[in-house]
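Student: Could you take me through how to read the packing and the strand pairing in a structure such as this?

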Amino acid sequence: SAVSNVVAGVVLTYMRPFSVGDRVRIAETTGDVIERNLLVVRIRTIKNVEITLSNAMVLGAHMVNYSAAARAGGLVLHTTVTIGYDVPWTRVTELLVTAARGVEGLKDAPAPFVLTTSLDDAYVSYELNAYTDRVQEMAALESRLHAAILDRFHEAGVEIMSPQQATLRRAKGPAIPPDGALGGVQRPKG
C-alpha cells in the first residue's frame, strides 16, 4: 500500500493535475489543496473539514481542477430553473441574464448565456451559465446567483415551476411571495 502510494505520488508529481491552493474535486471531495506529498493529498473543504486522500486513490479517481479552468478564461457556474410554457422564452432569458449580471463575482465578459435544455410536460428547463474567476467563492456565488434569480423572477411576477408544484399544488395563480416578503424589495404593480 505504501509503495503504491509513493509510485502514485511520483506519477502525480509529473502529471501536475493540480497545485497547492487549487480548488479541486477528487472523487466526491471538493475543496482546496493544502498539501501534497509522496503519500497523500490533503484537501480543506468549504465546510473547513480537512480530508486526507491517498495518492493511489487520487490517481485512480476522477479529478476536476476548477482553478485551472478559471485561469484559462473563467469557470462556468450554471444552474437550472423550470418555467411554465405561459412565459415567453425571451423573457426568461432576459430575467436570468439580468440576475447573473447583478451578482458581484460573476464576469461581464464573456457574457452570461442561457440554454433551453428540455421541453417537458408542464414546463421548460432553462440553464443559466455565467463565468467567474473566483473559484474559492463558488458556493457563495451560486447562493447569491440563486437569490438574484428568485428576486428577479418574483419582481417580474414569473413563477419558477417544478414537477412537484405542477402536480400537487391547487393554486389559482402563481405562487409568488406577497409584497414586502422579499427583504424590502417591492414587486411592480400591474
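This is a predicted model: local features need pLDDT of at least 70, side-chain atom pairs count only at pLDDT 80 or more; totals for chains, interfaces and linings use all residues.

Student: Which residues of the largest nonpolar core touch the most other members?

Tutor: As a general idea, nonpolar side chains in soluble globular proteins tend to be buried together. Here the largest nonpolar core has 28 residues, and those touching the most other members are Ile 83, Leu 96, Leu 106, Tyr 126, Ile 149 and Phe 153. Two or more residues each come from α3, β6, α4, β8 and α5, while another core, of ten residues, lies apart and includes Leu 12, Ile 26, Val 33 and Leu 53.

Student: Is Asn 129 buried or exposed?

Tutor: Asn 129, which sits in strand β8, has a relative accessibility of 5% and therefore counts as buried, the cut-off being under 20%. Its side chain makes a polar contact with that of Glu 127 at 3.2 Å, and, leaving out residues up to four places away in sequence, Asn 129 touches Val 76, Leu 77, His 78, Pro 112, Phe 113 and Leu 115.

Student: How many bridges join strand β2 to strand β3?

Tutor: In a regular strand, side chains alternate between the two faces of the sheet. Strands β2 and β3 run antiparallel and are joined by five bridges, with Val 33 partnered by Ile 43 in β3 and a hairpin of three residues connecting the two strands. β3 also pairs with β4 in the antiparallel sense over five bridges, where Val 41 stands opposite Leu 53; in the hairpin of β3 and β4, with four residues between the strands, Asn 48 takes a positive phi near 65°.

Key
Residues are numbered from 1 along each chain as its sequence is written. Side-chain values use heavy atoms; hydrogens and water are left out. A nonpolar core is a set of buried Ala, Val, Leu, Ile, Met, Phe, Trp, Tyr and Cys residues joined through side-chain atoms within 4.5 Å. Buried means under 20% relative accessible area, exposed over 50%, partly exposed in between (1.4 Å probe, protein chains only). A polar contact is a pair of N or O atoms within 3.5 Å; within protein, one must be able to donate a hydrogen and the other to accept it, and residues adjacent in sequence count only if both atoms are side-chain atoms. Contact means heavy atoms within 4.5 Å. Two strands pair if DSSP finds at least two bridges between them.
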